[in-house]
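Notebook open, model loaded. I'm jotting down what I look up as I go.

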Amino acid sequence: MVTVFISVLVISSIGGVLALLLVLSEKFIANYGICTVDINAEKQIEVQGGQSLLSCLVEEDIFIPSACGGRGTCGYCKLKVIEGGGLLLPTETPFLSDQEQKDDIRLSCQVKVRNDIFIEIEKELLSVRQYECICSGIEDLTHDIKLFKFGLAGSEEIDFIAGQYVQLLTPVYFKGGEEVYRAYSVASDPLNKGAIELIIRLVPNGICTTYCFEHLSIGDTILMNGPYGEFHLSDTESPMVFIAGGSGMAPIRCILSHMLNTGSKRKAVYYFGANKVSELFMIDEIKQFENDLDDFRFVPVVALPDPAEHWTGLTGLVTEAVESDLENAADYEAYLCGSPGMIEASGKVLAKLGVPEGKIYFDSFA
Amino acid sequence: MKKTPEMEKLDNFLRSSRIVAGGFMGEDIRDVDEVIVADTRSVERLGYSLEQVAARMHEITHIAKEGLGVCVDVGAGLKGCVDEAKGRIVCPWPHPASFDKRLTTVTDVESGKEITWSDLHIHLIEEHGFFEGIGSAMRIEPVKLITIIF
Ligand SMILES: Cc1cc2nc3c(=O)[nH]c(=O)nc-3n(C[C@H](O)[C@H](O)[C@H](O)COP(=O)(O)OP(=O)(O)OC[C@H]3O[C@@H](n4cnc5c(N)ncnc54)[C@H](O)[C@@H]3O)c2cc1C
Ligand code: FES
Ligand SMILES: [Zn+2]
């Protein structure tokens with residue numbers, strides 16, 4: 001027994017020493033000097049070698065989506081490495097399809113910059129910038145949803161497409177806390193470039209939402225970067241169905257403002273679901289679009305209205321309302337925003353109503 | 001036994017707030033391995049395996065999910081409500097695994113006893129035997145869990 005114990009101890013100690021030597025040699029012996037990162041053959045940045053590609057880009061204010069802090073476990077930080085990225089690592093392969101591997105897509109947090117490196121980043125990501133935002137208003141919308149209003153510091157302006165999102169940097173607000181980014185869809189009018197409004201729902205024990213609900217005050221400055229995302233109106237004239245619940249209102253409100261700004265004549269119907277009447281919000285504001293837009297219908301739906309609430313609108317799950325109200329939607333495009341469950345359930349109903357899969361749009365990170 | 005650098009790294013990571021507020025270990029001073037061994041024993045003492053517990057959690061979440069936030073009857077005298085946020089949360093172990101930010105709250109209608117878990121919890125129990133350290137905001141007490149769901 002003692003011999004086994006000693007052997008285990010010796011083996012794990014040798015393993016430990018070897019791992020330590022590797023880390024130390026990487027840190028002190030390997031000096032990669034200054035390396036050049038060539039981006040889209042248009043821009044070259046000089047960085048200290050030895051760091052991850054993701055860290056180098058962030059240092060240069062080039063923001064690549066990331067949800068795991070660079071641990072190689074979320075798969076969000078993909079970009080194309082044309083040359084100089086070294087071999088594909090086993091930590092990367094689970095996130096990359098065969099096609100992506102053929103196309104030289106890598107996880108930028110796993111690629112170490114050890115020499116000059118040539119990469120390609122989507123144009124939209126290069127236009128992502130960081131903004132200082134001053135909180136100018138906080139309004140209760142329901143018991144667990146608030147509208148947060150921010151003005152951009154100085155005379156800064158943000159250009160975004162209706163439906164896109166920003167990442168909010170949650171500052172450290174408790175002992176042992178760390179800064180984390182969370183995504184929020186922009187809820188405000190895209191023409192109002194000096195401001196950003198977010199509709200945020202409190203998540204129990206959530207890092208960022210607890211900060212926003214319990215610590216953020218009017219006058220505080222926070223950092224956001226963006227815009228991100230492919231969720232926006234197509235440039236067709238097809239009729240549209242919007243389906244949202246809770247804070248999913250945010251991008252749809254922004255899209256409706258955009259339709260108004262651009263004089264859109266597209267036919268659109270918006271189903272907004274809530275469990276109780278008290279969980280509906282912005283009803284009058286969205287109803288006003290029925291007057292202001294050419295062909296728009298707003299259908300709030302309540303799953304379980306309390307008799308005392310005297311609800312006269314549609315009842316049941318939002319998906320049930322869509323199914324009974326819309327009948328045939330083969331020529332429609334669908335825009336979904338809400339919880340993963342709602343998106344999945346809506347997808348099934350829309351398929352039944354004849355909406356082609358390729359015409360059902362939602363944020364891919366949902 | 002002396003901790004390997006990997007174990008040390010995992011322990012530090014679980015105690016940090018990089019993935020969840022306050023980390024996964026709470027005030028628990030035990031090593032992760034000790035927490036796992038103790039909780040697995042509690043489960044086995046009640047005649048269940050980690051796989052059975054996780055399978056039942058999966059089953060309940062799957063039924064409750066259909067309610068899209070409205071509480072539904074999930075059978076066996078239990079009511080299940082699901083609360084979802086957009087976005088994914090990753091497993092703190094160094095392997096690729098990420099989950100919807102989904103919370104399932106199960107109530108025993110007769111006794112009123114209630115327990116909440118996230119999809120991440122089901123994975124942590126199934127793959128790592130980890131119910132989180134004592135004092136973690138969302139530790140799951142194995143005995144309480146089993147009493148309610150079986
Ligand atoms: C493209 C996009 C757009 C979005 N837009 C919006 C929007 O407009 N409005 C909005 O409100 N949200 C939006 N979200 C969601 C948002 O990004 C966050 O995911 C959400 O607000 C929760 O963040 P959080 O930091 O508060 O929670 P997190 O800290 O990330 O918590 C995540 C989950 O982990 C659970 N958890 C906490 N501690 C533990 C533990 N110890 N063990 C196990 N589980 C635990 C929590 O209960 C919660 O379910 C969007 C997401 C995406 C991807
Ligand atoms: S940042 Fe999460 S995998 Fe790279
Ligand atoms: Zn895991």
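Does B:Lys65 count as buried or exposed? I got 19% relative accessibility, so B:Lys65 counts as buried (buried is under 20% relative accessible area, exposed over 50%, partly exposed in between, with a 1.4 Å probe and protein chains only).

Before going on, a note on what I'm looking at: this is a predicted model, where local features need pLDDT of at least 70, side-chain atom pairs count only at pLDDT 80 or more, and totals for chains, interfaces and linings use all residues. Residues are numbered from 1 along each chain as its sequence is written, chains are lettered from A and ligands numbered from 1 in the order in which they are written, and side-chain values use heavy atoms, with hydrogens and water left out.

**B:Lys65, continued.** I placed B:Lys65 in helix α3 of chain B, residues 50-65 (helices are DSSP runs of H or I with at least four residues, strands are runs of E with at least two, numbered from the N terminus). Leaving aside neighbours within four places in sequence, I found B:Lys65 in contact with A:Glu344, B:Val82, B:Glu84 and B:Arg102 (contact means heavy atoms within 4.5 Å). B:Arg102 is 37 residues from B:Lys65 in sequence, and their C-alpha atoms are 9.0 Å apart.

**Between the chains.** I looked up the A/B contact next: 41 residues of chain A meet 39 residues of chain B. About 3,000 Å² is buried between them, 61% of it from carbon and sulfur atoms (buried area is the accessible area, 1.4 Å probe, that two parts lose on being put together, summed over both). On the chain A side, A:Arg71, A:Thr73 and A:Asn205 lose the most area to chain B, together 19% of what that side buries.

**Chain A overall.** I noted nine helices and 17 strands, and 48% of the 366 residues count as buried. The chain is divided into domain 1 (32-125), domain 2 (128-228) and domain 3 (240-364), with bounds from an automatic or database domain assignment. The centres of domain 1 and domain 3, taken over C-alpha atoms, are 39 Å apart.

**Cores.** The largest nonpolar core has 59 residues, and A:Ile199, A:Phe242, A:Leu256 and A:Tyr270 have the most contacts inside it (such a core is a set of buried Ala, Val, Leu, Ile, Met, Phe, Trp, Tyr and Cys residues joined through side-chain atoms within 4.5 Å). Its largest share, seven residues, comes from helix α6 of chain A, residues 249-261. Domain 2 and domain 3 of chain A each supply at least three residues to this core. I also found a second, separate core of 27 residues, with A:Ile45 and A:Tyr228 among them.

**A sheet in chain A.** I traced five strands in an open sheet, ordered β2-β1-β5-β3-β4, with mixed pairing (two strands pair if DSSP finds at least two bridges between them). The edge strands are β2 (43-48) and β4 (105-107), each pairing on one side only. Three bridges join β3 (78-83) to β4, and the two run antiparallel. Here A:Leu79 stands opposite A:Arg106.

**A:Asp295.** Last entry: I found A:Asp295 in strand β14 of chain A, residues 295-302. A:Asp295 counts as partly exposed because its relative accessibility is 38%. Beyond four places in sequence, A:Asp295 touches A:Arg266, A:Lys267 and A:Ala268.
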